[in-house]
Amino acid sequence: MSENAQDLLKDAAAGAAAAAAAGGSLFSTFDIIVLALLLGGTIWWFYNSKKESKRDKILLEKYSIQAAGSIQVTENSFITKLKTSGRSLVVFYGSQTGTAEEFAGRLAKEGMRYKMKGMVADPEECDMEELTKLQEIENSLAVFCMATYGEGDPTDNSMEFYEWLKNQDPDLTGLNYAVFGLGNKTYEHYNAVAIYLDKRLEELGATRVYELGMGDDDANIEDDFITWKDKFWPAVCEKYNIESAGEEELTRQFRHVLHPPDEISPNSVFTGEIAKLHSLQVQRPPYDSKNPFLAQITVNRELHRGGDRSCLHVELDISDSKMRYEAGDHVAVYPINDMDLVERLGQLTNANLDEIFSLINTDQESSKKHPFPCPTSYRTALSHYVEITALPRTHILRELVEYCSNEEDKKKLLLMATNTQEGKSLYQSFVVDACRNIVHILEDLPSCKPPLDHICELLPRLQPRYYSISSSPKHHPETVHITAVVVKYKTPTGRINKGVATTWLAQHKPEPGKPLPRVPVYIRKSQFRLPMQTQTPIIMVGPGTGLAPFRGFLQDRAFVRASGKEVGENILYFGCRHRDEDYIYQEELEEYEKNGDVKLNLAFSRDQANKVYVTHLLENNMDELWDVIGNRNGNFYICGDAKNMAVDVRNIVLKAIKEKGGRTETDAVQFLKKLESVKKYSSDVWS
């Protein structure tokens with residue numbers, strides 16, 4: 001046990017003794033001894049488990065993606081890498097879905113045009129305190145491509161860097177920087193991380209080379225990025241008195257190696273592991289984004305009773321994982337691409353999908369040796385590692401130009417890759433509005449025949465899909481529940497597009513006499529939490545699958561109430577199209593209502609002539625709304641669509657604060673912000 005733990009134990013024992021002395025018969029000597037022993041055991045367990053977890057995390061993070069037998073410890077000094085390789089540009093990224101990392105790579109690559117050799121860097125893998133030394137490199141520049149997710153939170157890989165900037169005051173005089181943010185305007189805290197970073201760096205003495213750029217994923221983030229960087233580079237040229245070297249050279253970042261059949265042992269070939277070879281065959285905690293747990297799917301059933309849509313209830317067995325979760329957390333699911341799309345892409349590129357290959361970074365100083373685990377087969381790469389269904393960005397279309405034999409196809413792709421208004425309009429209509437993925441583009445431009453290895457290099461990495469957990473560990477400590485609508489829609493070209501994860505889940509249901517299906521998962525902690533005091537009343541607004549976390553909340557509170565503790569009022573607003581078709585978990589909710597565990601407010605939008613939504617019900621109950629959040633210190637939660645529903649709900653809450661709480665517009669806004677800051681108004685929304 002550490003000295004701090006021992007001191008804490010002594011203080012606790014002394015405090016208990018003092019309490020006993022002050023309170024007379026409140027505690028006996030025996031009580032004090034038992035309490036001290038219990039506290040000591042708890043502290044010992046917490047300290048040791050934390051130490052073990054930290055040790056395991058360090059061990060996992062020190063390995064780069066390489067085949068077994070060639071694992072090396074990575075160097076975390078980006079200054080050393082810059083100096084030894086003659087570089088002056090470093091582009092850091094904070095990425096949750098891969099887009100910020102992609103943008104960072106494009107900026108670093110373009111640096112060559114401006115005589116600034118660049119390097120992409122992950123803040124999580126770097127000693128970010130070295131920013132104070134970047135001025136030692138002549139004409140140096142740090143660019144930050146930073147995404148914001150959740151309630152204005154930094155991404156997982158930039159969290160430590162973000163906290164360092166918040167809590168420390170390093171002298172960054174002499175540091176030249178620029179920031180491009182990735183966000184979504186439908187969220188309340190649009191680009192909050194990038195805005196903070198841009199301001200904070202200036203406060204610490206750094207020099208802004210070009211204004212903050214802000215990309216909006218709800219509109220066209222690709223267009224926002226191109227527009228920003230096309231003005232960013234001239235500002236860089238002016239700052240450093242340099243000139244563009246001319247047109248961008250199309251050089252590949254990764255070298256393609258095709259392995260002969262007998263060159264590599266099958267035991268050394270990646271078959272879908274996220275980072276470390278055989279990590280899905282030989283499982284070892286702790287489990288996280290780089291080391292997911294292979295969970296069995298024990299239940300997979302349909303929730304809808306009619307209509308043309310499907311909603312799944314999936315239960316994942318985590319009993320052997322040592323993973324823990326709370327109601328309100330998220331589960332990340334690593335999906336597999338549709339096999340029909342995989343086969344079709346192989347046909348369009350005339351490739352043998354079973355060939356083993358590697359993509360090796362031509363930049364030997366880069367910590368990212370491969371775009372995904374290598375060596376592997378083309379089939380595995382297309383199934384597990386790249387986003388086939390993503391809409392290709394303009395830089396991919398520019399690369400495809402070189403593989404077209406038809407001049408019209410070339411012109412079309414080249415135009416869409418430009419920053420002209422005509423090019424932007426064509427990209428919007430041909431790619432975005434038509435929902436064309438890489439397979440569709442190659443089908444519709446038949447003269448375009450790129451090699452499959454280059455396609456694998458260009459496409460972004462397949463990302464996990466996050467779901468709000470729809471269960472409580474108090475009721476289900478060994479399983480995690482998912483509630484998800486299966487994504488499937490017809491595009492303007494007549495094709496049927498499908499969601500990657502929900503399509504895979506829909507196809508993998510337990511069958512009698514067969515092994516249970518398995519899927520790689522990990523738990524992502526959330527701040528979407530029930531109040532610490534169980535007697536605090538709560539209002540929950542969750543139409544459709546927005547009900548998911550609130551099912552966990554209700555399970556949690558029903559369990560607490562059944563154990564004899566006081567529980568505050570639970571008020572739920574739920575809505576769907578039809579009571580008889582998509583009223584999910586109807587029996588459960590009505591049982592909770594019968595037992596006094598919830599007050600239901602239900603909106604079935606299409607069961608009558610005039611559509612009724614949860615927002616209508618909420619607006620009709622503003623007296624109760626204000627009573628809960630204004631008079632009874634209650635909590636308000638919302639889960640679901642960020643673009644429309646969440647905005648409407650927020651406006652109704654503001655209206656209640658003004659009309660029922662007697663506040664001015666300004667005071668109402670401040671009151672709501674205060675609720676948010678103390679987590680009494682919480683959102684778990686998506687667009």
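Reader: In which sense do β8 and strand β12 pair, and over how many bridges?

Author: β8 and strand β12, which covers residues 356-361, pair in the antiparallel sense over 6 bridges. Two strands pair if DSSP finds at least two bridges between them, and both helices (H or I, at least four residues) and strands (E, at least two) are DSSP runs, numbered from the N terminus. Within this pairing, arginine 255 stands opposite isoleucine 360 in β12.

Reader: Before we go on, what kind of model is this, and how are residues numbered?

Author: This is a predicted model, in which local features need pLDDT of at least 70 and side-chain atom pairs count only at pLDDT 80 or more, while totals for chains, interfaces and linings use all residues. Residues are numbered from 1 along each chain as its sequence is written, and side-chain values use heavy atoms, with hydrogens and water left out.

Reader: Back to the sheet, then: what is the order of its 3 strands?

Author: The order is β8-β12-β13 in an open sheet with antiparallel pairing. β8 (254-259) and β13 (376-377) are the edge strands and have a single partner strand each, so one side of each is left without a neighbour in the sheet.

Reader: What covers the buried residues of α9?

Author: The cover includes β8, β12 and β13, together with α8 (339-348) and α14 (452-458). Helix α9 spans residues 378-385, and because 6 of its 8 residues are buried, it is largely enclosed by the rest of the structure. Buried here means under 20% relative accessible area, exposed means over 50%, and partly exposed lies in between (1.4 Å probe, protein chains only). The buried residues of α9 are Tyr378, Thr380, Ala381, Leu382, Ser383 and Tyr385.

Reader: Which strand pairs with β15 over 7 bridges?

Author: Strand β10, residues 311-317, pairs with β15 in the antiparallel sense, and one of the bridges joins aspartate 317 to threonine 479 in β15. Since 6 of the 7 residues of β15 (residues 479-485) are buried, this strand is largely enclosed by the rest of the structure.

Reader: Changing topic, how much space lies in the second largest pocket?

Author: The second largest pocket holds about 440 Å³. A pocket is an open set of points on a 1 Å grid over the protein atoms alone, where a 1.4 Å probe fits, with protein on both sides within 12 Å along at least five of seven lines, and lining residues have an atom within 4 Å of a point. Its volume is the space filled by probe spheres set on the points, which are joined across faces, edges and corners.

Reader: Which of the lining residues are the closest to its centre?

Author: Arg529, Leu530, Pro531, Met532 and Tyr637 are the closest to the centre among the 19 residues of the lining. The lining divides into 7 nonpolar, 5 polar and 7 charged residues, where Ala, Val, Leu, Ile, Met, Phe, Trp, Tyr, Cys and Pro count as nonpolar, Asp, Glu, Lys and Arg as charged, and the others, Gly among them, as polar.

Reader: And which element gives the largest share of that lining?

Author: That is α16, with 3 residues; α16 (548-562) and β22 (635-641) each supply at least two.

Reader: What phi does lysine 115 have, then?

Author: Lysine 115 has a positive phi of about 60° although it is not a glycine. Lysine 115 lies in the loop between α4 (99-110) and β2 (118-121), and it counts as exposed, at 61% relative accessibility. Asparagine 241 has a positive phi of about 55° and lies in the loop between α7 (221-240) and β8; at 72% relative accessibility, asparagine 241 counts as exposed.

Methods:
Contact means heavy atoms within 4.5 Å.
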